[in-house]
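Q: Please give me a close look at a single part of this model. I want to know where that part sits and what surrounds it.

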Amino acid sequence: MTEIRVRPARTPDVVQIERMIQPLVEERILLGKDRVVFYEAVQEFRVAEAPDGELVGCGALHVIWEDIGEVRTLAAAPAWRHRGVGHALLERIEDDARALGLARLFCLTFETAFFTAHGYAEIGEGIVAPDVYAELVRSPDEGVAEFLDLARVKPNTLGNTRMLKQL
């Protein structure tokens, strides 16, 4: 693999992130987001940068609760897939999660083999205690609704697998 560098995203990266994930949105592998959402969450993103400065991947860590985070929008540019970009980004996201004190990471994915190879396992119900569920269900965040497996997100996420990793 060519040496890549994973770094925090900056606001000038947002348009490139959006362009990079658009083909995956069109294939219904990733959920689309408005540009404003990327700017609002830019501090959650990490990007993979090739030696020439080209952005070749992205991924985000979103905190859901005191011990749970979500891996979001993990993607590699088409020419960079299967070259370690996703692995490098996920490793950095997991390190960031540990640094924040998170003990578990959730993802909603079609890429089950990739996440299984990185220690994630399919989950069912009962991931959080009932009192935590009651708090989380009030969140307007669609990712939290996906984590809780709420019916209102089903049309957008049919076929995805909910996975979790203990850090």
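A: Helix H1 (residues 14–26) lies across strand E2 (45–49), strand E3 (55–65) and strand E4 (68–76). H1 runs at about 90° to E3. Keep in mind that this is a predicted model. Helix H3 (residues 85–100) also lies across the sheet, at about 30° to E3. H3 lies across E1, E2, E3, E4, strand E5 (104–109) and E7.

Now the sheet itself. It is open and has 7 strands, in the order E1-E2-E3-E4-E5-E7-E6. The pairing is mixed. Strand E1 (5–8) and strand E6 (121–122) are at the edges; each has a single partner strand, so one side of each lacks a neighbour in the sheet. E6 is joined to strand E7 (residues 161–166) by 2 bridges, and the two run antiparallel. There, glutamate 122 has methionine 163 in E7 as its bridge partner.

The close look is at E5. In the strand order, E5 sits between E4 and E7. Take the E4 side. E4 and E5 run parallel and are joined by 3 bridges. The chain gets from E4 to E5 by way of H3, a right-handed β-α-β crossover.

Now the E7 side. E5 and E7 are antiparallel and share 6 bridges.

What about the faces of E5? In a regular strand, side chains alternate between the two faces of the sheet. On one side of E5 are Arg104, Phe106 and Leu108, all buried. On the other are Leu105, Cys107 and Thr109, also all buried. That makes 6 of the 6 residues of E5 buried, so the strand is largely enclosed by the rest of the structure.

Compare a site elsewhere in the sheet. Histidine 62 lies in strand E3. Histidine 62 has a relative accessible area of 13%; buried means under 20%, so this residue counts as buried. Its side chain makes a polar contact with the side chain of glutamate 44, at 2.9 Å.

Last, the whole chain. There are 7 helices and 7 strands. Their order along the sequence is β-α-α-β-β-β-α-β-α-β-α-α-α-β. Buried residues account for 50% of the 167 residues. The accessible surface is about 8,600 Å², with 53% belonging to carbon and sulfur atoms.

How values were computed. Residues are numbered from 1 along each chain as its sequence is written. This is a predicted model: local features need pLDDT of at least 70, side-chain atom pairs count only at pLDDT 80 or more; totals for chains, interfaces and linings use all residues. Side-chain values use heavy atoms; hydrogens and water are left out. Two strands pair if DSSP finds at least two bridges between them. Helices (H or I, at least four residues) and strands (E, at least two) are DSSP runs, numbered from the N terminus. Contact means heavy atoms within 4.5 Å. Axes are lines fitted to C-alpha atoms, for helices over the stretch in contact, and angles run from 0 to 180 degrees between N-to-C directions. Buried means under 20% relative accessible area, exposed over 50%, partly exposed in between (1.4 Å probe, protein chains only). Accessible areas come from the Shrake-Rupley method with a 1.4 Å probe; for residues, only the protein chains shown count as cover. A polar contact is a pair of N or O atoms within 3.5 Å; within protein, one must be able to donate a hydrogen and the other to accept it, and residues adjacent in sequence count only if both atoms are side-chain atoms. A crossover is right-handed if, with the strands pointing away from the viewer, the path from the first strand over the helix to the second runs clockwise.
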